[in-house]
Amino acid sequence: MRLVPQTRKMRIAALAGLIVLLAALGAGLWFWREGARYKASPAYAVDELNKAIAEKNADRFAALVDIPHLISELTRAEQKLEERVPLPEGFQPLSPQAMQRIILAVIKGENAGAPLIFRVAALPDNLHEQLVQNPFKLTRAAGDLALAETFVRHPALGDNLPLTLYLARTDAGWKVMGLANATDLVARYQARVEAETRRIQEERIRELGESKSDIARLLPDLSCTAQVATISGNVPLLVLSVEGGKNPGPETVDSWGITLTLTTNLGDVAATPLLRGSNKVVPSGAISGTWHLEVDEQEYQRLQSLSPLVCRAQVAYAILDNGKILKAFLD
C-alpha cells in the first residue's frame with residue numbers, strides 16, 4: 001500500500017475544510033440575503049399583518065397599517081354613502097377617532113360596536129375570527145405597490161365579500177395604505193341599505209294600512225262640532241264635541257287621540273287641536289264627549305271672525321287593551 005506523506009494529508013484536509021467553510025459561508029450569505037430580501041418584500045408585510053391579527057396584537061397592526069390614511073379613505077366613502085342615502089334621524093356619522101376604535105377593536109377580537117344603518121350592519125360580528133381563518137394573501141406586486149386580498153362572509157352583503165388591501169413601499173418598509181376596493185364595497189353597502197330602506201318603508205305602509213283599517217272598525221263614524229264661547233268671568237273658550245259609532249269589539253280601546261281639523265266655510269284651516277282620551281271604549285261603547293279648551297283673547301277673536309267653523313275628526317292613534325298601538329299617520 002502506497003503511503004501519502006503526512007504533510008500532503010494535512011493539505012488535503014485543510015483544503016476540504018476550506019471548501020466546507022466557503023460553502024457554509026456561501027449558504028449563510030445566501031440565506032441572509034434571501035432573508036433580508038424577504039423582510040423588505042410586501043409578502044413579509046402581509047405575513048406580519050396576518051400574524052398581528054391572529055395574535056390580536058393591535059400595536060403591531062398599527063405599525064403595519066397607515067391607519068390615518070385608511071380612515072381618511074373610509075371617511076370619504078362614508079360621505080359618498082350619506083350623499084345617496086339619508087341617514088336615520090339622530091344618527092351621527094362616525095368620527096375618525098370612532099373609526100380607529102372600531103378597527104383596533106376588530107383586531108383585538110373585541111365587540112367593535114360598528115353602526116347599523118337601516119338595520120344593515122357595517123361589519124360582520126365575527127370579522128376577526130374570519131380574518132384568522134382566512135388570512136390575507138398577496139395577489140399582486142409591481143414596483144412600489146402591492147395588493148393583498150381575502151374574502152369574508154357578511155350577513156347582508158353575501159358570503160364572498162372581497163377585502164382588498166393595497167400596500168405601498170415607504171421609508172419604514174411596506175405598509176397597508178387602504179382598501180383598494182373601497183368604492184365597490186360602498187356601492188354594495190349602499191345598494192343593500194337602499195333595499196332595506198324600501199323594505200322598511202313598504203312594511204310601515206302595510207302596517208299603517210292595517211292600523212287604519214282597525215281604527216275605522218273600532219272607532220267608526222266620528223263626527224264633531226266646534227264653536228267659540230265665553231263662560232262666567234268672560235273666559236274665552238273653544239268648545240269641541242265629538243261623537244262616534246259603537247265599537248264592535250272584541251278589542252277594548254284603552255286610550256286614543258283624535259285630531260280635529262277646523263276650517264272655514266271656504267275650506268281654509270283655522271286650527272287643528274288634538275284631543276286625547278283615556279276613557280276606555282269597550283265593545284258596544286263609543287267615544288262621546290265635550291271639551292272646553294281655554295284660548296287667549298287674540299285667538300278667541302280670530303276664531304270668532306272665522307266662524308261658523310266646520311269640524312272634521314280623524315283618529316290619530318289608539319292603544320288597545322292587548323298593548324297594540326294603532327297609528328293613522330307615518331311618524
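Which residues lie nearest the centre of the largest cavity? Hello everyone, let me start there. The answer is Leu74, Ala122, Leu123, Leu179 and Leu185, among 37 residues that line this cavity.

A word on the model before we go on. This is a predicted model, in which local features need pLDDT of at least 70 and side-chain atom pairs count only at pLDDT 80 or more, while totals for chains, interfaces and linings use all residues. Residues are numbered from 1 along each chain as its sequence is written, and side-chain values use heavy atoms, with hydrogens and water left out.

Back to the cavity. Rolling a probe the size of a water molecule over the atoms shows where empty space is left. On a 1 Å grid over the protein atoms alone, a cavity is a set of points where a 1.4 Å probe fits but cannot get out; a pocket is an open set with protein on both sides within 12 Å along at least five of seven lines; and lining residues have an atom within 4 Å of a point. A volume is the space filled by probe spheres set on the points, which are joined across faces, edges and corners. Searching the whole structure gives 1 cavity of 30 Å³ or more, and the largest cavity holds about 960 Å³ of space.

What is the lining made of, by class? There are 35 nonpolar, 1 polar and 1 charged residues. Here Ala, Val, Leu, Ile, Met, Phe, Trp, Tyr, Cys and Pro count as nonpolar, Asp, Glu, Lys and Arg as charged, and the others, Gly among them, as polar. Elements that each supply at least two lining residues include H2, helix H4 (67-84), strand S5 (158-170) and helix H7 (182-218). Helices (H or I, at least four residues) and strands (E, at least two) are DSSP runs, numbered from the N terminus.

Let's stay with H2 for a moment.

Just after H2 comes Lys56, with a positive phi of about 55 degrees. Most residues other than glycine have a negative phi, and most peptide bonds are trans. Lys56 sits in the loop between H2 and helix H3 (58-64) and is partly exposed at 43%. Asp221 also has a positive phi, near 50 degrees, and counts as exposed at 65% relative accessibility. As for peptide bonds, the one from Gly249 to Pro250 is cis, with omega near 5 degrees.

Now the sheet. It is open, with 4 strands in the order S3-S4-S5-S6 and antiparallel pairing; two strands pair if DSSP finds at least two bridges between them. Strand S3 (137-142) and S6 stand at the edges with a single partner strand each, so one side of each has no neighbour in the sheet. S3 and S4 pair over 5 bridges, and Ala142 stands opposite Leu145 in S4.

Finally, the largest pocket, with a volume of about 230 Å³. Of its 19 lining residues, Glu110, Asn111, Ala112, Pro124 and Asp125 lie nearest the centre. By class, this lining has 11 nonpolar, 5 polar and 3 charged residues.

How values were computed. Buried < 20%, exposed > 50% of the residue type's maximum accessible area, 1.4 Å probe, protein only.
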